[in-house]
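Open the model in your viewer and follow the stops below in order. Each stop says what to select and what is there.

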Amino acid sequence: MAKTMIPEAKVCCAREPKGAKHIFSVPVHSDIFIYAMLFFVTFVDFTNYIPSYSYVQYLCLLIVALFLCLKFFASKLSHFNLFSLVFLLFCGAVILSSYFSRYDYKTRNPLLASIVFLGGLIEFLFVVKYAKIRGRIDVLLSVIFWLAVCVLFINDALLFVAGDGNAIIGDKFHVAYFHIFVIVLTLLSATRRQKMKYAGFQALLFCLVVLSFVVGIRVDCTTGVVGICLMVAWLALCRVVPSFVRSPLTAVVAMLLSFLFMYVALQIMNNAVVQRIIEGTFSHDATLSGRTYIFDVVDHMLKMRPVLGYGYGVSYEVLSGVLFIPDAQNGLAEWLIAGGWCAGVLIIASVFLAFKNSLHETADMKYLDAIRVFIYTYICMATVEITYNADFFAMVILLSTLPETVSDNSSKESVEVV
């Protein structure tokens, strides 16, 4: 044994003066900038605060795309699993629908909007695959985590100092949901690195939860406050019945129930007990701020184009032709408007496959529960809001891709050098 190890050490030492380590370390460290650009494309949108920010997004999309093209075959990114194929089909279905509808609307170009939004998610999928192959998943997660924390605190500082209209990450819903996203990133980072018992992480997590409640109340977003409570409930379920929460079937049933609520909302709201809870606790009327009427219109419009829908991001223009409606007020229904049942079925299939793939984790399944809790929280909120956004899909991608990377990282450290 000793004889075989000594020559290896000499070979490694002999290679270092030739500069091989320094030459090949450049792409490894440059990927940090790629991860940062991907964050600003996928997870935040400063367009309302910085009108020219869309051009920054286009530039970042292009740079990340060029990076992936250079790495596509060299890093084995061309090897697709079933989840990747289904997710790409979902993106393709929505883009195809948007292409057919590109001249139908005056306020928005659905084709361009779909390419930017879904293009960012496709790039996120391949960048995560690249990071996994290179053993750089922890670096990717760290970049996303710290950038998200910085953006959050800057946003909240402006919110409290300059007023409610100065949030840099969007309207009250984006602000509230982004807090939930950062809380889950904190849980994921702490549990993945086994630092949950560290005082620093516990203090940060406590501050984020308190801040989320305060900001949710400040911007008057009841859904955001309810979302924090739902996260706590799902975390408790993970402790009590982990197999139930981790089951792919549970996730699919939850998505279907969230969608089918549209068809039974009126009957449920007519119940006297439910009315007292809604009107007394949440200060909403029995129509859920008009959602029962909206669901009727959405159902009617879905029947008119059930296969491919109307294109991405045009629900306002589609639904306002019947009644003044900002969106479908339901997560899955919003995507049915965009891409029809082709997109809807593929979304459900993607979530199912992500949960199924997450069961392959061999090192420690508990750290993935943070992602599962986030997905379930958004599914529950999708009953009355449109929460299947970039954060949701990014977490679905991570849930499918992260398994086995904890045990792989140690064995792939040598890949970072060669």
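Start with helix 11 (residues 248–269) and select Phe-259 and Tyr-263; being four residues apart in this helix, they are separated by about one helical turn. This is a predicted model. The two rings form an edge-to-face aromatic pair, 5.7 Å centre to centre with 75 degrees between the planes. Phe-259 counts as buried, because its relative accessibility is 4%, under the cut-off of 20%. Tyr-263, at 37%, counts as partly exposed.

Next, select Phe-261 and Phe-295. Their rings are also edge-to-face, with 6.3 Å between the centres and 85 degrees between the planes. Phe-261 lies in helix 11 and Phe-295 in helix 13 (residues 291–304), so the pair ties together parts that are 34 residues apart in sequence. Both Phe-261 and Phe-295 are buried.

The structure holds 31 aromatic pairs. To see a cluster linked by ring pairs, select Phe-39, Phe-40, Phe-43, Phe-46, Tyr-53, Phe-124, Phe-173, Tyr-177, Phe-178, Phe-181, Phe-374 and Tyr-378.

For a charge over a ring, select Tyr-99 and Arg-102: Arg-102 lies over the face of Tyr-99, 3.9 Å from the ring centre.

Finish at the largest pocket, which has a volume of about 1600 Å³. Select Asp-45, Arg-108, Phe-117, His-174 and Tyr-312, which lie nearest its centre among the 48 lining residues. Which helix gives the most to this lining? Select helix 5 (110–133): helix 5 gives the most, with six residues. By type, the lining of the largest pocket divides into 23 nonpolar, 17 polar and eight charged residues.

Terms used:
Residues numbered from 1 in each chain as written. Predicted model: local features only at pLDDT ≥ 70, side-chain atom pairs only at ≥ 80, totals over all residues. Heavy atoms only, no water. 1 Å grid on protein atoms, 1.4 Å probe; cavity = no way out; pocket = protein on both sides within 12 Å on 5 of 7 lines; lining within 4 Å. Points joined across faces, edges and corners; volume = space filled by probe spheres on them. Helix = DSSP H or I, 4+ residues; strand = E, 2+ residues; numbered from the N terminus. Nonpolar A, V, L, I, M, F, W, Y, C, P; charged D, E, K, R; others polar. Phe/Tyr/Trp six-rings, centres within 6.5 Å; stacked < 30°, edge-to-face > 60°. Buried < 20%, exposed > 50% of the residue type's maximum accessible area, 1.4 Å probe, protein only. Lys NZ or Arg CZ within 6 Å of the ring centre and 35° of its normal.
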